[in-house]
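Please look over the sequence and the structure before reading on.

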Amino acid sequence: MTQIALSPLIRSGLCLMRAGRWDDATQLLAAARADTGEERLALAAALAEVAVDQDFAQQTDDAGARLVVLAEALSETPDAFIAWDFAFLQLRKEYGVALLATDRDSGADLAERAAHLAKTAPDDSRSGHAHFYAGVIADNLLEQPEAAFAAYTTALDLGERSADDLLISLALRHLGDHAHTAGDLPLARIHWERSTELRQKIGHLLGTLAQQTLLAVLARDEGNPAASKALATEVNRWSHQASLPWLQAQSAALTNDQKRSSS
């Protein structure tokens with residue numbers, strides 16, 4: 001059997017994850033052989049990240065076992081960076097569950113944990129991602145838009161500072177949403193188009209489709225129903241093929257709105 005360096009293999013697995021190929025990413029990573037505790041830990045962390053990401057995207061609930069394996073690997077081979085990543089993955093997983101269940105009772109606890117992660121992050125990129133989650137928790141679970149806006153602004157600054165295109169795109173998506181809610185459609189378009197371009201650049205299928213859905217909403221609100229319907233129709237096709245139920249529902253609703261308005 002040909003021996004493959006583990007770091008490029010893990011990067012390839014995470015690229016497959018961003019492309020919406022979660023099962024392929026899991027199979028690739030699970031097939032790798034780890035010869036040391038550090039390698040077992042790295043693989044466990046990557047597999048847990050893929051599982052958490054898939055649960056959020058496809059509304060499944062399978063990441064628990066992968067998180068347990070990661071916890072066990074950390075107990076055998078302690079690592080401060082991966083310990084932070086583990087806590088952050090737990091936050092991401094629990095936020096996704098709360099969001100799907102519209103469980104606002106867990107919002108305060110999640111917000112406290114996000115704030116702690118932001119303070120204890122070992123680098124700007126990780127801190128920025130924690131600030132971003134503080135923002136979505138404030139927005140979607142606590143109904144605190146001013147706190148959310150401040151968190152997204154900080155996340156954007158940290159994303160720019162660390163050249164983290166994913167983090168920048170996440171912050172811009174939600175800052176654009178605030179601009180849209182305030183009625184500033186030109187600013188919303190600036191934020192949403194840049195977010196879309198960054199997600200396309202890094203090969204993030206789910207993120208790109210989610211952004212195109214927002215651009216369809218924006219086209220509708222700008223008075224361009226044909227553009228809105230075309231974008232929503234394409235997103236619906238892609239999200240159906242990638243098994244993304246919430247994007248299927250959002251894009252179908254947009255398409256149906258345009259059909260009703262033109263009838």
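## A buried serine

In this predicted model, Ser195 has a relative accessibility of 0%, so this residue counts as buried. Ser195 belongs to helix H10, which covers residues 185–201. Leaving aside residues up to four places away in sequence, the contacts of Ser195 are Ser169, Leu172, Arg173 and Gln211.

## Aromatic pairs

Across the whole structure, a search identifies six aromatic pairs. One of them joins Phe88 and Tyr133: the ring centres are 5.4 Å apart and the planes stand at 90 degrees, so the arrangement is edge-to-face. An angle over 60 degrees is what that class requires. Phe88 is part of helix H5 (residues 80–100), while Tyr133 is part of helix H7 (residues 124–140), so the pair ties together parts that lie 45 residues apart in sequence. Both partners are shielded according to their relative accessibility: Phe88 is buried at 9%, and Tyr133 is buried at 12%.

A further pair is formed by Phe132 and Tyr152, with 6.0 Å from centre to centre and 40 degrees between the planes, and this pair is tilted. Phe132 sits in helix H7 and Tyr152 in helix H8 (residues 145–162); the two residues are 20 apart, and their pair links distant parts of the chain. Phe132 and Tyr152 are both buried.

## The aromatic cluster

Which residues do the ring pairs link into a cluster? The members are Trp84, Phe88, Tyr95, Phe132, Tyr133 and Tyr152.

## Positive phi in two loops

Most residues other than glycine have a negative phi. Gln59 is not a glycine, yet its phi is positive, at about 55 degrees. This residue is placed in the loop between helix H3 (37–58) and helix H4 (63–76). The relative accessibility of Gln59 is 34%, so Gln59 counts as partly exposed.

Ala163 likewise has a positive phi, near 55 degrees, in a residue other than glycine. Its place is in the loop between H8 and helix H9 (165–181). Is Ala163 buried or exposed? With a relative accessible area of 60%, Ala163 is exposed, because the class begins over 50%.

Definitions and conventions
Residues are numbered from 1 along each chain as its sequence is written. This is a predicted model: local features need pLDDT of at least 70, side-chain atom pairs count only at pLDDT 80 or more; totals for chains, interfaces and linings use all residues. Side-chain values use heavy atoms; hydrogens and water are left out. Rings of Phe, Tyr and Trp (its six-membered ring) pair if their centres lie within 6.5 Å; planes under 30 degrees apart count as stacked, over 60 as edge-to-face and the rest as tilted. Helices (H or I, at least four residues) and strands (E, at least two) are DSSP runs, numbered from the N terminus. Buried means under 20% relative accessible area, exposed over 50%, partly exposed in between (1.4 Å probe, protein chains only). Contact means heavy atoms within 4.5 Å.
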